[in-house]
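User: I am new to this structure. Please show it to me, then let us go through a few questions.

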Amino acid sequence: MRADLLAEEWGVIARFLPAGWRELARTTGALKRVRRVPDADVLLRLVFLYAASGLSLQQASARAAAAGLAQLSTWR
């Protein structure tokens, strides 16, 4: 899928989220360190990829990398 289309779709989804949700990600501890996941937007997109789409962690990681969101590893 094209990056511009993904960004546009994410913009539509983000408009439905409550005001201040990005700040809440930090204050509630959902986003503590920003190493591989740079911000709350990417974190929520990863959650959607994994939970809402029914993908495995490996599949969600691969799709995140392909979309240029984050470089993650499922290895421990």
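Analyst: This is a predicted model, and the questions below go through its core, a helix and its aromatic rings.

User: Which element gives the most residues to the largest nonpolar core?

Analyst: This core has 16 residues. The elements that give two or more residues to it are α1 (3-14), α2 (21-27), α3 (40-52) and α4 (57-66). With five residues, the element that gives the most is α3.

User: Which residues does Leu49 contact, leaving aside its neighbours within four places in sequence?

Analyst: Leu49 is among the core members that touch the most others, along with Val42 and Leu46. Beyond its sequence neighbours within four places, its contacts are Gly54, Leu55, Ala60, Arg63 and Ala64.

User: Against which element do the buried residues of α4 pack?

Analyst: The buried residues of α4 are Ala60, Ser61 and Ala64. They lie on the same side of α4, because their arc around the axis is only 100 degrees. Gln58 and Ala66, on the other side, are exposed. The buried residues pack against α3.

User: Is Trp21 buried or exposed?

Analyst: The cut-off for buried is under 20% relative accessible area. Trp21 has 13% relative accessibility, so Trp21 counts as buried.

User: What kind of aromatic pair do Trp10 and Trp21 form?

Analyst: Trp10 sits in helix α1 and Trp21 in helix α2, eleven residues apart. Their ring centres are 6.4 Å apart, with 75 degrees between the planes. Planes over 60 degrees apart count as edge-to-face. The pair is therefore edge-to-face.

User: Which residues do ring pairs link into a cluster?

Analyst: The whole structure holds two aromatic pairs. Ring pairs link a cluster made up of Trp10, Trp21 and Phe48.

Conventions
Residues numbered from 1 in each chain as written. Predicted model: local features only at pLDDT ≥ 70, side-chain atom pairs only at ≥ 80, totals over all residues. Heavy atoms only, no water. Core = buried A, V, L, I, M, F, W, Y, C linked by side-chain atoms within 4.5 Å. Buried < 20%, exposed > 50% of the residue type's maximum accessible area, 1.4 Å probe, protein only. Helix = DSSP H or I, 4+ residues; strand = E, 2+ residues; numbered from the N terminus. Contact = heavy atoms within 4.5 Å. Arc of directions from axis to C-beta. Phe/Tyr/Trp six-rings, centres within 6.5 Å; stacked < 30°, edge-to-face > 60°.
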